[in-house]
Amino acid sequence: MADTQVLIIGCGIAGATAALRLARNPKRRVTIITRASDPEESNTRYAQGGIVGRSLDDSSELLLADILAAGAGASSPVAARILAEEGPQLLREILEDTAGVVFDRDQQGERLWGQEAAHSRRRILHVGDETGQAIISGLMSALRRTPNIRIESNVTAVDLITFPHHSRDPLASYRSISCHGSYVFNRQEKTVHRYLADVTILATGGLGRIYRNTTNPPGARGDGLAMAHRAGARIANAEYVQFHPTALAVPGAEGLLISEAVRGEGGVLLTPPGHPFMADYSPEWKDLAPRDVVARAIHHEMEAHGYSYVLLDIATRMPAAAIRKRFPYIYSECLKVGVDISREPIPVVPAAHYFCGGVLVDEWGRSNIENLYAVGEISCTGVHGANRLASTSLLEGLVWGSRSAQDIEQQLESSGPEPLVDLNVVPRWDESGLTADPDPALIQGDMQTIQNIMWHYVGLVRSADRLSRAIRELRHLWNEIETFYRTTKLSDGLTGLRNAIEVALIVAQAAQHNRQSRGCHYRHDSVYLEGDRLI
Ligand SMILES: Cc1cc2nc3c(=O)[nH]c(=O)nc-3n(C[C@H](O)[C@H](O)[C@H](O)COP(=O)(O)OP(=O)(O)OC[C@H]3O[C@@H](n4cnc5c(N)ncnc54)[C@H](O)[C@@H]3O)c2cc1C
């Protein structure tokens, strides 16, 4: 059993920011946990393109307008304004001053501002094409330097401890749902412990791994969303799964993201015979149209002509040396699988990339469950609406990580040194009678079935028939997996599988309920709405 004032589940940019901000008060005891053995392992680590800052010819009003336009009429103007106004200042304070991240500059020492799709200004700060690695290394060093933060890796949160669900007090049923920490599986010991906390922050990131093609690393399986859903949290906008237009389509390196910044620097999409097709779909923005538009255009080209990929050409648009300097990571990763991006076009396909929906939270990251906050990709602040503007998710993690900490600090300050919830009230994890070890073949097989169903029926292009087929098959699998879970000893893989089937159903059902195509939720059996325009 571990106890702490604030338990943060997940140490990507959002969780790490909340921890650093809370720990400014030396009295606070903060525990941050991750299922990964290397605490830097997270979606944050793989971010390439960069993070939105504020360049000289830019303003919060211009950024706000771009976020709202990309969000296709479904972004919360209040949340988007908070991001646009507070983000750039927090970037300086937390990433540059506290975490020591050094963004790229030119020879005169001036910041280099990158361009990305649907941005009306060059405003993206980056560290080559390994911005996420620079950010997470800086944040981790800052966390390790902070004595009142305890970091634990190799531990998987299994379920939130919520009352009345986990209370032995029968009267708890008459009070609103409240969170008191989490049951946590220690992957080395193979035991589950109770981590009690006054306040819990979910910062577990996205769910790209429920799709067959994805840019996300293996940990992105929607754990936090499933836990919150089981506890009774409100989930919003789950149908809005953003597909990145350009993931590498070469065996052995599928899913490697080819950053939007490649198109920002002049890269052009071509059909395999060489036709630049984006002007046919978006005469105004062409290759820099919003992600959903580009991803659907690629999908359409592939489906209409039977291509298994399209091409992204940067080789003829930028000098080879400049390509290697600006995109060292993409260059070297592609070279490993035989594609020299400075000499030849890159084969690409769309892939699941970012979850715009999530646990519904307010402008301070508060969920509808008492003492439970959600920040970063797992949350739905409303900023992204139906389609996220590039390079705003790292910024959202910073802003809501920081805001949630501010709010928690106020709450803990005003409630005084109240004792933690009584341990005797919370039952121990009960594994009695479970003897079978989880069969990895079953876990892998079921996971692949989920990924295939989601890719084919709840993917880029949806319809009533595809969605109801997906839901029937997912429900059947849910029953199988729930039985498997209830009769087998716990493991990280089994936890992930149980969560993956839960969130797959959440996404599929949200997609079925919403009959209106908008942003990245596209149903070919309905009208398409962008803002208030019918398309
Ligand atoms: C390839 C790629 C490129 C991207 N490029 C950009 C970009 O250029 N700009 C941008 O703004 N965004 C980009 N994004 C999106 C952005 O990286 C993510 O949205 C953001 O990093 C999410 O941060 P987070 O803190 O919410 O979650 P994450 O960084 O994913 O962190 C989640 C944490 O939760 C932990 N966790 C998960 N489940 C459990 C559990 N059950 N128990 C314990 N711990 C758990 C994980 O181990 C991890 O520590 C990119 C994403 C990808 C995949």
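This is a predicted model: local features need pLDDT of at least 70, side-chain atom pairs count only at pLDDT 80 or more; totals for chains, interfaces and linings use all residues.
Biologist: Why are β9 (235-236) and β16 (379-380) said to stand at the edges?

Modeller: The sheet is open, with mixed pairing and the order β9-β14-β16. β9 and β16 each have a single partner strand, so one side of each lacks a neighbour in the sheet. The strands are DSSP runs (E, at least two residues), as helices are (H or I, at least four), numbered from the N terminus.

Biologist: How do you know that strand β7 (residues 178-186) is largely enclosed?

Modeller: Buried means under 20% relative accessible area, exposed over 50% and partly exposed in between, with a 1.4 Å probe and protein chains only. Nine of the nine residues of β7 are buried, so the rest of the structure largely encloses this strand. Antiparallel partners are strand β6 (residues 155-163), joined to β7 by seven bridges, and strand β8 (residues 191-202), joined to β7 by six. F163 stands opposite S178, and G181 opposite L196.

Biologist: What makes T381 buried or exposed, and which groups does its side chain meet?

Modeller: At 9% relative accessibility, T381 falls on the buried side of the cut-off. T381 is found in the loop between β16 and α12 (393-415). A polar contact is a pair of N or O atoms within 3.5 Å; within protein, one must be able to donate a hydrogen and the other to accept it, and residues adjacent in sequence count only if both atoms are side-chain atoms. The side chain of T381 makes such a contact with the side chain of E396, at 2.5 Å, and a polar atom of the T381 side chain lies 3.1 Å from the backbone nitrogen of V383.

Biologist: How do you know that C520 is in no disulfide?

Modeller: A disulfide is a pair of cysteine sulfur atoms within 2.5 Å, and by this rule the count comes to zero. For C520, the nearest cysteine sulfur, that of C356, is 4.2 Å away.

Biologist: Why is a set of 70 residues called a nonpolar core?

Modeller: The name is given because a nonpolar core is a set of buried Ala, Val, Leu, Ile, Met, Phe, Trp, Tyr and Cys residues joined through side-chain atoms within 4.5 Å. The largest has 70 residues, and V458, Y211 and V507 are among those with the most contacts inside it. Helix α15 (residues 492-513) gives the most to this core, with 12 residues. Apart from it lies another core, of 58 residues, including A14 and L395.

Biologist: Which residues come nearest to the ligand?

Modeller: A residue is near a molecule or strand if one of its heavy atoms lies within 4 Å of it. Of the 38 residues around the ligand, T44, G50, D223, E377 and S393 come nearest. An N or O atom in the side chain of S393 is 2.7 Å from a nitrogen atom of the ligand, and a polar backbone atom of C11 is 3.0 Å from a ligand oxygen atom.

Note on methods: Residues are numbered from 1 along each chain as its sequence is written. Side-chain values use heavy atoms; hydrogens and water are left out. Two strands pair if DSSP finds at least two bridges between them.
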